Amino acid sequence: MAATAPHPTVWIAEDDLVGSIAAALQFVSHVHPADYVRHLARAYEREESPTAKDAIAQILVNSRMALIGRRPMCQDTGVAAVFLKVGMNVRFATRRSLDDLVNEGVRRAYLDEANPLRATMVADPLFERRNTGDNAPAMIHVDLVPGDAVEVIVAAKGGGSENKARFVQLNPSASVEDWVVETMSTLGAGWCPPGLIGIGVGGSADKAMLLAKESLFEPIDMLDLLRRGPASKLEEMRISLHERINALGVGAQGLGGVTTVLDVKIRTFPTHAASKPVALMPQCAANRHVSFTLDGSGPATFEAPDAADWPEIVLARTADAARRVDLDRLTRDEVRSWTVGERLLLSGKLLTGRDAAHKRMADLLARGEPLPVPLDGRVIYYVGPVKAVGGEAVGPAGPTTATRMDGFVDALLARTGLLAMIGKAERGPQAIEAIARHGAASLIAVGGAAILVAQAIRSSRVLAFEDIGMEAIHEFEVVDMPVTVAVDSAGASIHLIGPDLWRRA
C-alpha cells in the first residue's frame, strides 16, 4: 500500500492566537448574537406580564446601548471559556504552551484601557480568594482533529448562571424531561432569565457537563423549529421542554410571565449501561460567545451587526410610572409604605457592597467592632461595577444575585439600621422573614441591564475595603435609578407571587 503524502504544515503565529482571543472577548462583552436578539424581541412582543415585559425591554435597550457604545452589556464580564479544535496539520510558532497563549489573550482583553472588563477570577478558591486582577486563567478545552486550521469558540460565562448548573445520575429508566422541569422549578431567577438551557446526557459526569455547556453555543432556532415542527425525537424533546419550562411561569427576571427560556439545547453521548448522567446548564440574558477560525493567514476579525436590527423600544421612566424616593431623607415609615411590585426611582446617596464586603462587615459586628461605614438609614446595592472610562462616573453597574447575601441580612438589619437592599433575583425564606421582622425591604434592578443602571449614577467614590477591588464599598450618587420592590416590609415577595400567578394562568 502506497504511503500517503504528508499535508503541508500550517503555521499559526503566536500573536494571531493571542490577539484573536483578546479581540473575541472584547467583542462578546458588548455584542449579543443576532439570533438571541431575534428571539428576545419576539419574546418581548408576546409577553403578557407588564413587569416582565418591562424587564425584557430594559435588556433589549441595554443590549443596543452596549453595541453602540462598545461597553459591557453586563458588569459581570464573566469567566473566560475557550474551546479549541486544533487541526493535526497545524503548528504554533511559539515556545509557549497553548494555555499560556490563551491566558495572555484573556489578560490583554480584560486590561484593555479603551474598554476594561471586570476582573472576577479569584486564586485559591478555598481560603484567600484573592482576585487575580486580570481575569486569568481561562477555562480551556482542546480537541485534536483532522484538518489544516484551528476552530475556536470564545465565551464569557457569568457567575449567576454558572452557579445554577446542576448534575444528576438518573436511573436508566428515569425521565430526563421530568428531572429538568423539576430542577428548573427550583432554580429561581439568579441565572437571569430569559435565556437558554443546555442539557447534556451521557458519557460520564464530566462529559455530561461539557456537553451541556457546548450545546449553548449552537444557533438559537426554537422559533424556526416551532414553525416547521420536529423532525426527530430529540427535536420533539426540545419543544416539549421549551413549553413545559415556560409553563412554570417564572418569567423574565423571575417576575412571572410567559417566557423563561428562549431555547433548549440537548447533546448526547454514549454512556455506561447502568448510568444516565444528566447535566443542566443555564445561560443568562448576557449570552456571550463567538467563533472564529485561524488558518495561518492572520488574526481573526469580528464584524458587529447593524444597530438597526435591534427593536426600537422606548422605556417608560416618567414620574407617573414610578414613585420617586429621596435616599438622603428615607425613613423606616416610608419603606413600610412601599408595596411589592411597586416601581421606584431612587435619587441620592447609595452604598454598595457584595459578598466579600458583607463577610467583612459581619466579622466586625461579631467582634463588636464598628463598621467603617455606618449603615443607619442607608440602602445598600449589591454590585461590583466595571472600571469607568472617559467621562463615565462608573462603568456598567448591574446588580448581582441577592440570594448570596441572605446569610447576612438578619445581622445587618438588627444591628446597623439598614433600611433596604438592592440586587437581582429572589430572597430565601429566612431573609424574607428578617426583612418583614425589621420593617425593611428588598429591591431589584434588572440583571443584564448594566449600562442602563450606570446611566443613573452621577458620581462614585470608594469608602472602605479598597483592597478587594470591585467588591469594595462605594458610595454612588444616583438620579432616578429604576428599581422594583421585590420583598416589602410585610414579607410579600414578587418572586413567589408573580410566578405563581402566571403558572396558574
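Reader: Which residue in S7 is the bridge partner of Lys 85?

Author: Glu 151 is the partner of Lys 85. The model is predicted: local features need pLDDT of at least 70, side-chain atom pairs count only at pLDDT 80 or more, and totals for chains, interfaces and linings use all residues. Residues are numbered from 1 along each chain as its sequence is written, and side-chain values use heavy atoms, with hydrogens and water left out.

Reader: In which sense do S2 and S7 pair?

Author: Antiparallel, over eight bridges. Strand S2 covers residues 79-87 and strand S7 residues 150-157. Strands are DSSP runs of E, at least two residues, and helices are runs of H or I, at least four, numbered from the N terminus. Two strands pair if DSSP finds at least two bridges between them.

Reader: What sheet are they in, and in what order do the strands come?

Author: An open sheet of four strands, ordered S6-S2-S7-S12, with mixed pairing. S6 (139-145) and S12 (289-294) stand at the edges. Each has a single partner strand, so one side of each lacks a neighbour in the sheet.

Reader: By how many degrees are neighbouring strands turned?

Author: By 15 degrees on average, direction ignored. The axes are lines fitted to C-alpha atoms, for helices over the stretch in contact, and angles run from 0 to 180 degrees between N-to-C directions.

Reader: New topic. How many salt bridges are there in the whole structure?

Author: The search finds 41. A salt bridge here is a side-chain nitrogen of Lys or Arg within 4 Å of a carboxyl oxygen of Asp or Glu.

Reader: Which residue does Lys 157 meet in one?

Author: Glu 162, at 3.5 Å, N to O. Lys 157 is buried, at 7% relative accessibility. Glu 162 is partly exposed, at 30%. Buried means under 20% relative accessible area, exposed over 50%, and partly exposed in between (1.4 Å probe, protein chains only).

Reader: And what does Glu 342 pair with?

Author: Arg 323, with the closest N and O atoms 2.9 Å apart. Glu 342 sits in the loop between helix H10 (332-337) and strand S14 (343-352), and Arg 323 in strand S13 (residues 323-326). The pair therefore ties together parts that are 19 residues apart in sequence.

Reader: Is Glu 342 buried or exposed?

Author: Buried, at 19% relative accessible area. Arg 323 is partly exposed, at 27%.
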